[in-house]
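Grab a pencil and work through these exercises one at a time. Each has a task and then a solution in steps.

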2 protein chains.
Amino acid sequence: MRQGRSRHSDTPSLKTDHYELTMLQAALASGVAHRRAVFELFTRRLPSGRRYGVVAGIGRALEAVADFRFDDAQIAFLRENAVVDTPTLDYLAAYRFTGSIHTYREGELFFPQSPIVTVEGTFGEAVLLETLLLSILNHDSAVASAASRMVTAAAGASIIEMGSRRTGDEAAVVAARATYVAGFGATSNLEAGYRYGIPTTGTAAHAFTLAHDSEPEAFAAQVASLGAGTTLLVDTYDIPTGIRNAVAAGGTSLGGIRIDSGDLYVETTRARALLDELGATSTKIVVSSDLDEYVIDDLVSQGAPIDGYGIGTRVVTGSGAPTASMVYKLVEIEGPDGQMRPVAKKSADKASVGGFKDATRVLDAHGVAVAELAVPRAAGTATNHPAGTTTRDLQVTYVRDGKIADLPTLDEVRAHHRAALAELPPSALDVVAGTPYLTARS
Amino acid sequence: MRQGRSRHSDTPSLKTDHYELTMLQAALASGVAHRRAVFELFTRRLPSGRRYGVVAGIGRALEAVADFRFDDAQIAFLRENAVVDTPTLDYLAAYRFTGSIHTYREGELFFPQSPIVTVEGTFGEAVLLETLLLSILNHDSAVASAASRMVTAAAGASIIEMGSRRTGDEAAVVAARATYVAGFGATSNLEAGYRYGIPTTGTAAHAFTLAHDSEPEAFAAQVASLGAGTTLLVDTYDIPTGIRNAVAAGGTSLGGIRIDSGDLYVETTRARALLDELGATSTKIVVSSDLDEYVIDDLVSQGAPIDGYGIGTRVVTGSGAPTASMVYKLVEIEGPDGQMRPVAKKSADKASVGGFKDATRVLDAHGVAVAELAVPRAAGTATNHPAGTTTRDLQVTYVRDGKIADLPTLDEVRAHHRAALAELPPSALDVVAGTPYLTARS
């Protein structure tokens, strides 16, 4: 038999782990599936050297919850492969999430132990969401967390995400979304434009120059077709010659040049001098080539005359931390007496804190974040805060009794990220390695 | 305005970079779009320490080529956003790939400079495929390359892929496929089962135990519903107590126990002794918790009594190398005289070799790979091989004049990977860091 065309599910509900369904089967049989439960999605640590993380993927995750249902083809697959028994298949066929979901805003900062997402529902309905919620938030937050640092490093220069080719074909689309949440200005990925309305842009590849009979012919063709505002890639052969050819083709009002190789400080400094000498004083210099927050920070510190950065591999792979290490843990369960009780795993290296937690960020009189509190409701009394401090609630109830509220637009999400970042002191924004600026505590 | 539901494209053709389309526009205007061209997909290097890479994603890539067309909604999006001009939109609306594609087999090994994929077509039709081919092959090959080393390290023990929660929701599905190509036995991801027919499996989470009133009740519920062949997670509270509870629930024919925390050599050694003492001599021990090829190699070297490994984060993120760094470069273009000429970028740090290359692996008299040749056709004469060696052709023409051939099944792909791996000497299979075992040369 030959490999046929793959059939893709029409809903996201099978993007889950086999064991979620077998646990559901056993819990339906024991009755525990119908107990009220609270799950919390959080991380125990930030990637090495990071001072904060950025929540991304909330909009995608809630859309996935809304679409989380099992159609006939999926039920047939589960039956044919004997994944679960008939009562469980009946439960799945009727599945709709009927509980509530409280989350940190998309674009919000998070720290170790921040209760980023809290899911209330029956054990059965809430356990099924584990894998999908984690997949979306771990990926998107990893990318956004790296992207936010790059935006800070770029100190106001524009940044374009162009890493599609270095991550999975679908991951590329959602990575573009995550970088936009964190403040990137545009993406090269057209599907991200189609799907999320993110601005798309691009320059040209070396292949374009190589396919023409000479660099001047290639540049002339590009300018003729795309206008003098285009950005010409000048490093296919020799950069100074490329710059002269570029200005010859586009004139002194040429939009930009891109340099994709070499020592970028040296090359851009020489390029700026040559462009100015040729009269192309407004022509912008864009660079690419394995950039990340560290390289950008170096270039900015050296005063390299760079107007824009194109970032690929390093941002879509989370700049060394491709996953945010978030976990989804049961923190409360209804007992046989009908009362909710906090629960927590006891093992030494993976302990967790039980109970539904209310999260706030504490700000000092200057509006600087000085603490994050995640207080189990069962603890009862409110924490006293030092005089002069204020608090900001971190959780929003986007799903109540199965109904999903309107979500903020991506532009609102971007604005929220900027506002949350503005609450950190400068030291927390340094790209040099540091420890988490805060840790949520009760 | 609120964030609405996202609309997803019905074809993969917008999973491409903006600049592919603007280059096409300029090349249509200059006439270069209609020149015959050859692009090569290869990598200049392997991730640090790796001795070989594994080709994965070929089946997915060719399915994407077959589906690569622009529908009305996509054309409308491109028009509304002024991405390209009307002649280019007309070209895209009629786009079908009509060229030929030669690739290494899925499951094949690759080295620096191996011509993994060669695309022949017009410049316009071939340049458009760049981003999508790279996205698929860079991701899938990164995961398969890591997975293959883990299979070797496990020395015959079974391995389950369970990393869905630590990578993007769609990346998770295709990562499962890539690990299966490289020899993993099963995945936790149900959509991978639905879509590709990969076996799915799973155990249980700590939440299941915590949701019941006691560990014995949880284990009894799981065994009652799923049978004594199930695998019980024994480290929610105290491992020895968990093991006693597990055997009490499942009897001495209990299928397995899983340990997800602690020092796995110490814990599994004690667990084996206790299981044997309790008479559960056939009960298997499965471990998880941040495993990778190095941890597995250590456990195997120490003789830890482990029957199966569940691997998550580290395999889906490529064990430190989440992308395979493959690039897609123009290597031949038709000149104004109708003759094909080799082309190559000259920049110092990113040079490439021009020309369509025929690739073979050279095997010695014992069937051990001793060289890889990638000879530009223009070079003409065949290379002489030392006496006693044989060669194996590495490229298969899966697409000829736009027609896609039948592809091997995933089981055939797995078998090919095993066969290709068997051509390497033991030193090349060590998980300890090394340099590329071969580099393709002309």
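**Exercise 1. Find where S325(A) sits, and say what stands out about its backbone.**

Start with the place: S325(A) belongs to the loop that runs between α14 (313-316) and β12 of chain A. Keep in mind that this is a predicted model. Next, look at the backbone angle. Most residues other than glycine have a negative phi. For S325(A), though, phi is positive, near 60°, and this residue is not a glycine. Last, check the cover: the relative accessible area of S325(A) is 18%. The cut-off for buried is under 20%, so S325(A) counts as buried.

**Exercise 2. Get an overview of chain A.**

Take the parts list to begin with: chain A has 16 helices and 18 strands. Then look at the domains. The assignment gives domain 1 (17-143 + 321-429) and domain 2 (203-306), and the centres of domain 1 of chain A and domain 2 of chain A, over C-alpha atoms, are 46 Å apart. The C-alpha trace of chain A spans about 80 × 70 × 40 Å along its principal axes.

Of the 442 residues in chain A, 63% are buried. The chain exposes about 15200 Å², with carbon and sulfur atoms supplying 51% of that. As for contacts with a separation of 6 or more in chain A, 74% are between residues 24 or more positions apart. Finish with charge: chain A has 40 positive and 51 negative charges, and their mean positions lie 5 Å apart.

**Exercise 3. Classify the ring pair of F39(A) and Y328(A), then work out what it links.**

Over all chains, a search of the whole structure turns up 14 aromatic pairs. In this one, the ring centres of F39(A) and Y328(A) are 4.7 Å apart and the planes meet at 10°, so the pair is stacked. Where are the two partners? F39(A) is in strand β1 (residues 36-43) of chain A and Y328(A) is in strand β12 (residues 326-334) of chain A, so the pair ties together parts 289 residues apart in sequence. Both F39(A) and Y328(A) are buried.

**Exercise 4. Compare that with the pair of F77(A) and Y194(B).**

F77(A) and Y194(B) have 5.5 Å between centres and 80° between planes, which makes the pair edge-to-face. This pair crosses between chains: F77(A) is in helix α3 (residues 72-80) of chain A, and Y194(B) is in helix α8 (residues 190-196) of chain B. On burial, F77(A) has a relative accessible area of 5% and is buried. Y194(B) is buried as well, at 7%.

Rings can also join into a group: ring pairs link F68(A), F70(A), Y91(A) and Y95(A) into a cluster.

**Exercise 5. Judge how enclosed helix α2 of chain A is.**

Name the buried residues of α2(A) to begin with: I58(A), G59(A), R60(A), A61(A), L62(A), E63(A), A64(A) and V65(A). That is eight of the nine residues of helix α2 (residues 58-66), so the helix is largely enclosed by the rest of the structure.

Definitions and conventions: Residues numbered from 1 in each chain as written. Chains lettered and ligands numbered in written order. Predicted model: local features only at pLDDT ≥ 70, side-chain atom pairs only at ≥ 80, totals over all residues. Heavy atoms only, no water. Domains from an automatic or database assignment. Helix = DSSP H or I, 4+ residues; strand = E, 2+ residues; numbered from the N terminus. Buried < 20%, exposed > 50% of the residue type's maximum accessible area, 1.4 Å probe, protein only. Contact = heavy atoms within 4.5 Å. Areas by Shrake-Rupley, 256 points an atom, 1.4 Å probe, with all protein chains shown as cover. Lys, Arg positive; Asp, Glu negative; His and termini not counted. Charge placed at Lys NZ, Arg CZ, Asp CG, Glu CD. Phe/Tyr/Trp six-rings, centres within 6.5 Å; stacked < 30°, edge-to-face > 60°.
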